[in-house]
Amino acid sequence: MISRNIIKLNQVVLKGARCFSSNQTQNNTQTNQEANFGYKKVDINQKQSMVNQVFHSVADKYDLMNDILSLGIHRCWKEEFVNDLGVLRPTKIQEKDQVIEQPARVLDVAGGTGDIAFRILDKHKSRSSLNSKNLKVTVLDINESMLEVGKRRALEKSFSNNDIDFVCGNAEILPFEDNTFDAYTIAYGIRNVPRIEKALSEAHRVLKKGGRLMILEFSKVEQFPVSEIYKQYNMNILPLVGKYVVGDADSYQYLAESIDKFHDQQTLLRLIEEAGFKFASYKNLSFGISAIHTGFKI
Ligand SMILES: C[S@@+](CC[C@H](N)C(=O)[O-])C[C@H]1O[C@@H](n2cnc3c(N)ncnc32)[C@H](O)[C@@H]1O
């Protein structure tokens, strides 16, 4: 049984996007467009290669580090995110004189090791009377190392290809047709994508009418002294724990800097609206350390 699943879950779809694996270096053509890589200004194409190196380096210890660094709190934020998504119903399609049910489809972009996808599937099973055939989650990530961990975890959790599939691809050029998904989720991924506007426009394109965008991301804490304690923690503790647990202080230095440089709640909200989403809103989690943004394709 397990070996059949291994074969199925290893069928990574590669359509129209460059993927990054450990033994690959990316030689992107230079442009004169710049992006932030933490506190550094780099060529926008170079940013993706540098982000890829970070996640290749941390992939094996990524989930453990999330627990250590957030003292387990990231689990509560992810739970709230998945609760807010709610239960998705299958689509009913009339075919000749028959009504056919198609599973609801969720695309989890920058889904990495599958954490959000597994939570969505678990929640769906525990909350609804529907069977697992009524929901399918597609995990998309640009990094093969992160996806490999996700595929391993999916097998351990006994999910099959009917529940979940793993696609190597870029959030900026999604390898899916227009109007395909009922929901698009992205957790702690959007700040790593070089062209956020492109990713949001792709999210809008692949969602069905009525479909929902949900973003979970680190955000801005305004209340003093929490803001200062949080900044000091990120800048000093993150690289230190990275050094001793993963043997890689630089990657965690980038993660801390990228959190500091990322947009505030209002700016991200504006970008979501500019991408065409309606009824966009956000809510803060733990003083705004994280925030959930949402919007709908109407
Ligand atoms: C911090 S991890 C988040 C993983 C997961 N969503 C979670 O919440 O645990 C960020 C992920 O974004 C992915 N990523 C970065 N740039 C991307 C892009 N352009 N397209 C798709 N994935 C990307 C990385 O490979 C990495 O797996």
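Q: How many helices and strands does the chain have?
A: The model is a predicted one. Its chain contains 10 helices and 11 strands. Of the 298 residues in the chain, 42% are buried.

Q: What share of the contacts between residues at least 6 apart in sequence joins residues at least 24 apart?
A: For this chain the share is 73%.

Q: How do strands of a sheet pair in general?
A: Strands of a sheet pair through backbone hydrogen bonds, and the pairing is either parallel or antiparallel. In this model there is an open sheet of 7 strands with mixed pairing, in the order β7-β6-β5-β8-β9-β11-β10. Its edge strands are β7 and β10 (278–285), each of which pairs on one side only. From one strand to the next, the twist averages 15°.

Q: Which strands pair in the antiparallel sense over 7 bridges?
A: They are strand β9 (residues 207–218) and strand β11 (residues 290–296). Within this pair, Leu213 stands opposite Gly295 in β11. Helix α7 (residues 196–206) packs on the sheet and touches β5, β8 (181–187) and β9. The direction of α7 makes about 145° with that of β9.

Q: Which strand pairs with β6 in the parallel sense over 6 bridges?
A: That partner is strand β5 (residues 104–109). Val109 stands opposite Leu140 in β6. Strand β7 (residues 164–168) also runs parallel to β6, and 5 bridges join the two. Here the bridge partner of Leu140 is Val167 in β7, while Val139 stands opposite Phe166 in β7.

Q: What kind of unit do β6, helix α6 and β7 make?
A: Strand β6, helix α6 (residues 144–156) and strand β7 make a β-α-β unit that is right-handed.

Q: How are the side chains of a regular strand arranged?
A: In a regular strand the side chains alternate between the two faces of the sheet. In β6 (residues 135–141), Leu135, Val137, Val139 and Asp141 point one way, and Lys136, Thr138 and Leu140 point the other way. Strand β6 is mostly covered, with 7 of its 7 residues buried.

Q: Which residues of β7 point one way, and which the other?
A: Ile164, Phe166 and Cys168 point one way from β7, whereas Asp165 and Val167 point the other way. Strand β7 is likewise mostly covered: 5 of its 5 residues are buried.

Q: Which residues have a positive phi although they are not glycine?
A: Backbone torsions can be read residue by residue. Among such residues is Ser158, with a phi of about 60°. Ser158 lies in the loop between α6 and β7 and counts as exposed because it has 10 C-beta neighbours inside 10 Å. Another is Phe287, with a positive phi of about 65°, placed in the loop between β10 and β11. Phe287 counts as partly exposed because it has 14 C-beta neighbours inside 10 Å.

Q: Which residues does a cis peptide bond join?
A: The omega angle is the quantity to read here. A cis peptide bond joins Phe224 and Pro225, with omega about 5°. Pro225 is placed in the loop between β9 and α8 (226–246).

Technical notes
Residues are numbered from 1 along each chain as its sequence is written. This is a predicted model: local features need pLDDT of at least 70, side-chain atom pairs count only at pLDDT 80 or more; totals for chains, interfaces and linings use all residues. A residue is buried if 20 or more other C-beta atoms lie within 10 Å of its own, exposed if 12 or fewer, and partly exposed in between; C-beta atoms are placed from the backbone. Helices (H or I, at least four residues) and strands (E, at least two) are DSSP runs, numbered from the N terminus. Two strands pair if DSSP finds at least two bridges between them. A crossover is right-handed if, with the strands pointing away from the viewer, the path from the first strand over the helix to the second runs clockwise. Axes are lines fitted to C-alpha atoms, for helices over the stretch in contact, and angles run from 0 to 180 degrees between N-to-C directions. Two residues are in contact if their C-beta atoms, placed from the backbone, lie within 7 Å.
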